[in-house]
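Please look through the sequence and the model that follow, and keep both in view while you read. The paragraphs below lead from the overall plan to single residues.

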Amino acid sequence: MTTRWLTPEEQRAWRAYLAASQLLEDAIDRQLQQDAGMPHLFYSVLATLSEAPDRRLRMTDLAERLKITRSRLTYAANRLERDGLVRREDCRWDRRSSIAVLTDEGMAVLERTAPGHVDTVRANLFDRLTPEQVRQLEEICAGVARGLQGEEAGGAADEVPWRRRSTPGAEPPR
């Protein structure tokens, strides 16, 4: 099999993407650490739960929405639960699962932190783009995500993060 090396244009685009994504994630993490004492992942858990019916989701569904492994979500949920921002309940219809619930305290933290988070995202991303570039960014990212999730021919649906286990053969977290 012959390696299909990146063209100079592709290499520049790839390196620009890496630099931008790493710098943006760093800016968001710094703001969230300063304002709420939490990393972006923990904020994303709170925000996703706040948008769910009754502020609750099955852990597996939450991992899928966040595009992360179940073990990474369990780590985040443990910390958020310890801080009183999330609680977990047994799932009545699936004994292997648990439900993550955003507490009132978690909602209050989210409401205090959201304005600074939105300001950071806007200043570091959207204020630098034209409306046409925003449309293109959505189109590009959605297309890449569809392919990586196996929604297009050749995608590896079994390789998406929320279906991976940290140890081969391990049981899903409860």
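This is a predicted model: local features need pLDDT of at least 70, side-chain atom pairs count only at pLDDT 80 or more; totals for chains, interfaces and linings use all residues.

Helices (H or I, at least four residues) and strands (E, at least two) are DSSP runs, numbered from the N terminus. Residues are numbered from 1 along each chain as its sequence is written, and side-chain values use heavy atoms, with hydrogens and water left out.

The chain has six helices and three strands, and along the sequence they follow the pattern α-α-β-α-α-β-β-α-α. Of its 174 residues, 32% count as buried, where buried means under 20% relative accessible area, exposed means over 50%, and partly exposed lies in between (1.4 Å probe, protein chains only). If a contact is taken as heavy atoms within 4.5 Å, then among contacts between residues at least 6 apart in sequence, 54% join residues at least 24 apart.

The chain exposes about 11900 Å², and carbon and sulfur atoms supply 51% of it. On this surface, Leu6, Trp14 and Tyr17 make a nonpolar patch of about 340 Å²; patches are made of residues with over 30% relative accessible area and no salt bridge, like charges being joined within 9 Å and nonpolar side chains (Val, Leu, Ile, Met, Phe, Trp, Tyr) within 5 Å. Leucine 6 itself counts as partly exposed because its relative accessibility is 44%.

Is threonine 103, in contrast, buried or exposed? At 13% relative accessibility, threonine 103 counts as buried, and this residue lies in the loop between β3 (98-102) and α5 (104-124). Leaving aside residues up to four places away in sequence, threonine 103 touches Arg55, Gly84, Leu85, Val86 and Arg87. A polar atom of the threonine 103 side chain lies 3.0 Å from the backbone oxygen of leucine 85.

Charged residues come next. Side chains of opposite charge can pair when their charged atoms come close. A salt bridge is a side-chain nitrogen of Lys or Arg within 4 Å of a carboxyl oxygen of Asp or Glu, and by this rule the count comes to nine salt bridges. In one of them, the side chains of arginine 56 and glutamate 89 meet at 2.7 Å, N to O. Because arginine 56 lies in strand β1 (residues 56-58) and glutamate 89 in strand β2 (residues 86-90), the pair ties together parts that are 33 residues apart in sequence. Arginine 56 is partly exposed, with a relative accessible area of 29%, and glutamate 89 is partly exposed at 25%. Another salt bridge joins glutamate 81 to arginine 88, with the closest N and O atoms 2.8 Å apart. Salt bridges that share partners join Arg56, Arg87 and Glu89 into one network.

Finally, helix α6 (residues 131-148) has 18 residues and reaches 26 Å from its first C-alpha to its last. That is close to the 26 Å expected at 1.5 Å a residue, the expected span being 1.5 Å times one less than the number of residues. Just after α6, glycine 150 takes a positive phi of about 85°.

Notes. Accessible areas come from the Shrake-Rupley method with a 1.4 Å probe; for residues, only the protein chains shown count as cover. A polar contact is a pair of N or O atoms within 3.5 Å; within protein, one must be able to donate a hydrogen and the other to accept it, and residues adjacent in sequence count only if both atoms are side-chain atoms.
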